[in-house]
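Visitor: Please take one part of this model and go through it closely, with the cut-offs stated.

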Amino acid sequence: MRGFFPKNTVGIAAIAMAASMGLVGYGLTATPAHAAKKGGGGGYSKEFVAAAQPVQEEIKKLDELKASGADQGQLIAAANAVLPKAEAAASAASTPGDKMAAGQFLFSIGNSNGDDALRKRGVGMMLDSGQVPADKQATYQFYLGNFAYATKDFPTAIKALKAAADGGVQEDALGPLLIDSYAQAGQAREGLAAFKQLAAARKAAGQAVPDSWFSRASMVAYNAKLGPEAIDVAMAWVAQNPNKMNWLNAAQMVRNFSGLDTPATLDLFRLMDRSGALENEPKFVQSEYKEYVESADPRRLPGEVVRVIDKGYAANALNRSDAWVAEARQNAAGRVGSDKASLAGEVAGAKAAGGNRALSLGDAFLSYSEPGKAEELYKAALNGSPDQNAALTRLGIAQYDQGKYAEAKANFEKVTGPRQAVARLWLALIGTKG
């Protein structure tokens, strides 16, 4: 691969800020201090109230310090100073109200000193208290999953993020976090299954699947060498967002995992050429251009080789000082005239013979951008050709080049074997034509 997958990471700091605004205050009708004034009511134990009062005062000072614009060093020092008292209060917590408040304490301190493990404990304690309102449960699970991921507690992250997804959380960060949590836990296949479920739910809700989800799923599938899954993700991505980079990604996945022979690889390069995949930044497609030339072969398809090299030169993807490329172009250019002149006299015999003879001549016409003549020969090739899938693929390409999309679609759908993945990409390209 070219390494062009965006290595997106979830912004834990941003999530923490959102959490700090969204978590504090839910489910409590009174603070521990207020409860103490009322004689220990409000669902708090006397032991917890005694331990919580000094913590509450210190956290209030911590909030004031934060509001005053104190630097991170001051906040960390102040938070660390109150932490032992908060831990003592957490140890004294026995009632649901105690646990909810203690969880808030730990979360607030973790938010100040940047301790994700502390934030995870705080959110987890609040959830375990049973005091989180029903309509906030999924949101809390989402935050718990974030902090669990940040602390590499992937089993907890998986459980929490699944609960968040099941509860209807629509955060864009959820998909990559859940997919990667599975992958980090050694369950890449399960992560990709979760991606499919999340993506289906998004589509059912009439929403687009974020590119970050596809990107993470692609990386997970590729790194785990899960070929069919990698191809499926790439196909779905390019179907939703058929930009040049996604075409290149999809073609590379097919190439890496489909076990293509040289003729099938050539038809994949033709897909890249027509879809715009070769129009990406030169550093991403330099190898593709050279391997396209090698697959086409200056001796077999000289016209296509010259055209591809000239396109590569124009795109600065091929270097004019590259001796291999220059020699390939020179060899191909020297053959074009005589090769092209010989074609017309072979058509009748090739059509009558069918099979590989018709297939070979059809290839020549296709390479010279004469798809109408190529189509006739490919149809003849279907009669007797030992490689029906190659004939069907190239018949579809010839029809695509003429704008005969319905006919091309019908032929691509008949392709089986390793070429089927190539045909699927052609079908996706036809899909962009409406």
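Guide: What follows is a close look at one helix pair and a salt bridge within it. This is a predicted model, in which local features need pLDDT of at least 70, side-chain atom pairs count only at pLDDT 80 or more, and totals for chains, interfaces and linings use all residues. Residues are numbered from 1 along each chain as its sequence is written, and side-chain values use heavy atoms, with hydrogens and water left out. The mean pLDDT (the predictor's confidence in each residue, from 0 to 100) is 89, and 90% of the residues reach 70 or more.

The pair consists of H14 (residues 262-275) and H23 (residues 419-431), whose axes come within 10 Å and cross at roughly 15°. Helices here are DSSP runs of H or I, at least four residues, numbered from the N terminus. Axes are lines fitted to C-alpha atoms over the stretch in contact, with angles from 0 to 180 degrees between N-to-C directions. H14 and H23 are therefore roughly parallel, a term for angles under 35 degrees.

On the H14 side, the contact (heavy atoms within 4.5 Å) includes Asp 267, Arg 270 and Arg 274; H23 contributes Arg 419, Val 422, Leu 425, Trp 426 and Leu 429. By class, the contact residues are 8 nonpolar (Ala, Val, Leu, Ile, Met, Phe, Trp, Tyr, Cys and Pro), 1 polar (the others, Gly among them) and 4 charged (Asp, Glu, Lys and Arg).

Asp 267 and Arg 270 lie 3 residues apart in H14, about one turn of the helix. Their side chains form a salt bridge at 2.9 Å, N to O; the criterion is a side-chain nitrogen of Lys or Arg within 4 Å of a carboxyl oxygen of Asp or Glu. The structure holds 29 salt bridges.

Definitions and conventions: Helix = DSSP H or I, 4+ residues; strand = E, 2+ residues; numbered from the N terminus. Parallel < 35°, antiparallel > 145°, perpendicular 65-115°, else oblique.
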